[in-house]
Amino acid sequence: MAIIVDNETKLVVQGLTGSEGRFHGLRNRSYGTNVVAGVTPGKGGQDVDGIPVYNTVADAVREAGANTSLIFVPARFAPDAIYEAVDAGIRTVICITEHVPAHEMLRVYTYVRPKGVTLIGPNCPGVLSPGKSNVGIIPAEVFQPGSIGLVSRSGTLTYQIGHEVAQRGLGNSTIVGIGGDPVVGSGFIDILEKFEADPETKYVVLVGEIGGDEEEKAARWVSEHMSKPVFSYIAGFSAPPGKTMGHAGAIISGSSGTAQAKKEALEAVGIRVGTTPTEVAELVAAAAAV
Amino acid sequence: MDLYEYQGKQLFKQFGIPVSEGRLATTPEQARTAAEELGGPVVVKAQVLTGGRGKAGGVKLADDPGDAEQKAQDIIGLDIRGHVVGKLWIETASDIAKEYYLSVTFDRGAKQPLFMFTTQGGVEIEEVAANDPDALVRLHVDPLEGYQPWIARRLVYGAGVDDPAEQKQIADIVGKLYRCFVESDAMLAEINPLIVTPDGEVKALDSKFTVDDSALYRHSDIAEFRDTSAADPLEAFAREKGVTYVKLDGDVGILGNGAGLSMSTVDVVVVAGGRPANFCDLGGGGSAEGVVDALEVITRDPQVKSIFFNIFGGITRCDEVARGILEALERLQLETPIVVRLDGTNAEEGRRILAEAAPPNLHVEPTMLDAARKAVELAR
């Protein structure tokens, strides 16, 4: 099972002929991901190390049977790339591109949402189901297969926690980086819902950070709908208000979005929150050992 | 990016929202000239990117050009919540009969723009929301539907504006504010107060405006608004170097890769009993050159007594980072103790490079927590 990407994934990389697209597309393939196509307008008929390139996503779906898209195009072309993938019938779209304007994402989100398509990102590291499929830029060698679902707004922090979990002999069902922008295609709740339904996932680690109220909403959702144990880590306890901490979405505005408020909301529904990445790994390892 | 009042008003004017005529001044003499050109009483307003300037004495009425010069003299150099006043906006004074409030913000939670309107303007909107929530009309806009005139009607009738001339003018401003908000890629466009003069004229007396940094590439006019002199000098230097840096006030310099891990590194230093000097994100690439630039920014802060270098290689390769550290030590002649923790892509190679060179001020630690403790100890 696992969620979002697995052995059934047939991947098309939009922007495969660019340097990032090529590097990560081939890395994903060497991990075992079934990369069936690339799309670059004007380069249809070429190939990248044997992967056929098409002019449009519609061609990639028709000719190569693509069902999942990975987007590496520059920010100004990313909304168009998402619309193209969705309108070509792709059901899972993962957008790595950063610096997509928030207003563009507002329109993309509003358009995509009712269609039931799973959109991950933008500005995210992608999705990895260890041993099955890696779609994006997550360094797969850090993780091993197992029963812990991991969902996060951050990339490298996820690797850190995955690494600490792996050092304790545990593994992950799926790792999902939802992205650090103010508007992302899937929020914590969307992913928690999938983990709850996935038989392979027994525990979930939710890695949040300052800004917005997604963690607070997730806490409420967990208390009402989730049977599996959830653990959490929040980054940004020492962040000053009004300053963007690297991610466009990581900002404390007024009194909302603080790490403390998120921690309290999570703990109020019984979710244990680690003070450091090490502590959250210890918490989940202790639970798994029982 | 936050805009000054006068910059926001410039955008309002471009979109047809009525504002008073004004001039920018940076000296008392310029304030006098501005008042002469405008004629009649003027208001001298400090331009700072913070609230509460009225209470701090940053806004003063002046009867004539001489008075404007004097008031400007008083206000320039004033420290308002840590912001030193360097610029003034001199504008024609307005008579005020009523003060309303109108804003449109980017509601992340609802994933829709949110209008807020109340006839209780001129005060902090949080106060109205807390004390008299019914007086505050809130209305979301479907981003695909966009602005439609019914939205303005709901706001105006909902807040109880009953003068037809006022209703008409406000409805017009609501539509224009939405266009201004969307077409400028704003995260916030606020008019507080939106005033009605004794003659029944409605206009924006103040502006608060924030623009999405990711959209600045398509707004070169707004990008030019950025005032590098107002920023912290270290943050301005970091921007010049392309380094993501936020100044904090401790003594442990921090460098991580990726926003989440860098934030977490700051937190872990606090957990270890230290005081972080900054937040600094090396970003995704992590080339040797980027490492040198980041270390140059961090060590410009004279408070920094030790540096914690926390890298988890994904796209970033630890061997490249190690080479960057050695290069920076040499080029910048750094003697500050540096604690390094490397994991992930090519970490072994990176550790080997550092171990071979073994500069005296470099300490390599196996885990993030160990490294944080070591950096805190070295800062003492």
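Predicted model: local features only at pLDDT ≥ 70, side-chain atom pairs only at ≥ 80, totals over all residues.
Let's start inside a strand: Pro193(B) sits in β11 of chain B, which covers residues 186-196.

Chain A has a cis peptide bond of its own to show you. There, Gly121(A) and Pro122(A) are the partners, and omega is about 15 degrees. While Pro193(B) belongs to a strand, Pro122(A) lies in a loop, the one between β7 (118-120) and β8 (126-129) of chain A.

At Lys111(B), phi is near 55 degrees, a positive value in a residue other than glycine. You will find Lys111(B) in the loop that runs between β8 (98-107) and β9 (112-118) of chain B. How many other C-beta atoms lie within 10 Å of Lys111(B)? There are 19, so Lys111(B) counts as partly exposed; 20 or more would have made a residue buried.

Ala358(B) also has a positive phi, near 40 degrees, and is likewise a residue other than glycine. Look for Ala358(B) in the loop between α12 (347-357) and β19 (362-364) of chain B. Is Ala358(B) buried or exposed? With 8 other C-beta atoms within 10 Å, Ala358(B) is exposed, because the cut-off for that class is 12 or fewer.

Now step back and take in chain B as a whole. Chain B contains 13 helices and 19 strands, and its C-alpha atoms fill a box of roughly 80 × 50 × 40 Å along the principal axes. Of its 380 residues, 47% count as buried.

Finally, let's see where the two chains meet. Here 45 residues of chain A are in contact with 41 residues of chain B. On the chain A side, the helices α4 (102-112), α5 (156-167) and α9 (277-289) each supply at least two residues. Which element gives the largest share of that side? The answer is α4(A), with 7 residues. Sorted by class, the side of chain A that touches chain B has 23 nonpolar, 17 polar and 5 charged residues.

Key
Residues numbered from 1 in each chain as written. Chains lettered and ligands numbered in written order. Helix = DSSP H or I, 4+ residues; strand = E, 2+ residues; numbered from the N terminus. Contact = placed C-beta atoms within 7 Å. Nonpolar A, V, L, I, M, F, W, Y, C, P; charged D, E, K, R; others polar.
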